[in-house]
Amino acid sequence: MALNVLVVDDSAVMRKMIIRSLQLSGLPIGRISEAGNGREGLEVLEQEWIDLALIDINMPVMNGEEMIEEIRGNEQTKDLPIIVVSTESSESRIEMLQKQGAGFVHKPFNPATLRETIMELTGVTHDDGKMPEEFDGGGSSDF
Amino acid sequence: MMMEKCQKSLMEAAVQTFEDLGMMLLNEELTDDQKEAKKEASVMVTFSGPFSGRLEITVFGEITEKLARNISGSEELSSDILPLDALGEIANVICGNVLPKIANVRDIFHLTSPAPLNSEQTDQDAEMVMIADSHLGLEDGRAEIKLLIDETAGKTLESVPQ
């Protein structure tokens with residue numbers, strides 16, 4: 001099954017970088033949707049079937065924490081797998097997000113870390129069971 | 001002692017972010033060409049929490065488009081990507097990484113979205129004090145990174161365990 005992914009970040013360039021990491025991950029990725037803040041992200045969730053959301057924290061209009069609260073409070077989306085991709089380093093804030101069932105990837109991140117967090121949270125595996133070369137060994141750089 | 005820690009933490013966060021996210025080659029000893037490069041852009045990220053302040057980055061030379069290409073992974077930039085957006089994201093990541101190193105690791109800070117920094121902004125900041133700055137050579141140009149905090153935050157910072 002291919003995962004339909006929603007990427008929510010107020011930085012267009014960061015969304016492109018995350019999408020590139022997803023496309024290179026070797027995981028079965030289907031449609032990728034984008035949103036520039038939590039409010040836009042919730043609108044996408046109302047209109048499209050999404051299997052995984054990657055959400056930044058610090059965003060205008062509606063931040064990532066508020067968006068996650070809305071998602072968990074909605075019967076239709078309460079079990080959606082969520083990974084927070086953020087510069088956040090406060091232990092207490094990360095613990096609060098993890099209590100909401102969200103995975104966490106710290107920026108700047110290594111694409112392999114993102115892939116492993118997705119596999120851990122969703123249970124999906126690589127398309128053909130092999131690691132893509134780009135993700136093997138020490139050749140990959142942090143993003 | 002606290003100022004040394006701030007200086008070291010800012011330099012470490014800046015180097016890691018420009019190298020790992022921006023994928024740029026760095027040098028700390030500036031060349032003559034880098035010193036003479038013209039100012040290209042300035043951005044800032046403001047933060048609030050146990051203390052408030054601002055992180056500023058000014059780049060000299062042709063840096064912003066290269067950053068945007070490196071981070072997005074595309075040679076041709078699409079119309080929705082502004083070169084300044086990439087510099088703003090660099091500022092955001094440096095700020096998010098440096099604050100827990102100079103404050104308590106459990107402290108929560110709220111960061112604003114990156115914004116262009118203009119001279120009017122800096123003129124209004126009599127109560128802001130710079131606690132650390134870094135100068136990095138970036139390929140054909142350079143970057144100046146400054147961390148400023150609200151003057152009243154000094155006592156809060158001094159109370160953080162070393």
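This is a predicted model: local features need pLDDT of at least 70, side-chain atom pairs count only at pLDDT 80 or more; totals for chains, interfaces and linings use all residues.
The largest share, three residues, comes from H2(A). Sorted by class, the lining of the largest pocket comprises seven nonpolar, three polar and seven charged residues.

Lys78(A) counts as partly exposed because its relative accessibility is 30%, and Glu75(A) counts as exposed because its relative accessibility is 60%.

The second largest pocket has a volume of about 200 Å³. Its lining is made of 13 residues, with Leu84(B), Asp85(B), Gly88(B), Pro114(B) and Ala115(B) nearest its centre. Helix H4 and strand E5 (115-116) of chain B each provide at least two lining residues of the second largest pocket, and H4(B) gives the most, with four residues. By class, seven nonpolar, three polar and three charged residues form the lining of the second largest pocket.

**Interface between the chains**

The contact between the chains draws on 27 residues of chain A and 28 residues of chain B. The area buried between chain A and chain B is about 2300 Å², and carbon and sulfur atoms give 52% of this area. Within the part that chain A buries against chain B, Val13(A), Thr87(A) and Pro108(A) supply 24%, more than any other three residues. Three salt bridges are found across the interface of chain A and chain B.

One salt bridge pairs the side chains of Lys107(A) and Glu89(B), at 3.0 Å, N to O. Lys107(A) lies in the loop between strand E5 (103-106) and helix H5 (111-122) of chain A, whereas Glu89(B) lies in helix H4 (residues 83-102) of chain B, so the pair joins two chains. Lys107(A) is buried, because its relative accessible area of 1% falls under the 20% limit for buried residues. Glu89(B) is likewise buried, with a relative accessible area of 2%.

**Salt bridges**

Over all chains, the structure holds 18 salt bridges. Among them is a pair in chain B, in which the side chains of Arg69(B) and Glu65(B) meet at 3.6 Å, N to O. Arg69(B) and Glu65(B) both belong to helix H3 (residues 64-72) of chain B, where they stand four residues apart, about one turn of the helix. Arg69(B) is partly exposed, with a relative accessible area of 26%, and Glu65(B) is also partly exposed, with a relative accessible area of 43%.

The pairs described above are set out below.

| Salt bridge | N to O distance |
|---|---|
| Lys107(A) and Glu89(B) | 3.0 Å |
| Arg69(B) and Glu65(B) | 3.6 Å |

**Organisation of chain A**

Chain A contains five helices and five strands. Along the sequence, these elements follow the pattern β-α-β-α-β-α-β-α-β-α. Of the 143 residues in chain A, buried residues make up 57%. Among the contacts in chain A between residues at least 6 apart in sequence, 64% join residues at least 24 apart.

Note on methods
Residues are numbered from 1 along each chain as its sequence is written. Chains are lettered from A and ligands numbered from 1 in the order in which they are written. Side-chain values use heavy atoms; hydrogens and water are left out. A salt bridge is a side-chain nitrogen of Lys or Arg within 4 Å of a carboxyl oxygen of Asp or Glu. Buried means under 20% relative accessible area, exposed over 50%, partly exposed in between (1.4 Å probe, protein chains only). Ala, Val, Leu, Ile, Met, Phe, Trp, Tyr, Cys and Pro count as nonpolar, Asp, Glu, Lys and Arg as charged, and the others, Gly among them, as polar. On a 1 Å grid over the protein atoms alone, a cavity is a set of points where a 1.4 Å probe fits but cannot get out, and a pocket is an open set with protein on both sides within 12 Å along at least five of seven lines; lining residues have an atom within 4 Å of a point. Grid points are joined across faces, edges and corners, and a volume is the space filled by probe spheres set on the points. Contact means heavy atoms within 4.5 Å. Buried area is the accessible area (1.4 Å probe) that two parts lose on being put together, summed over both.
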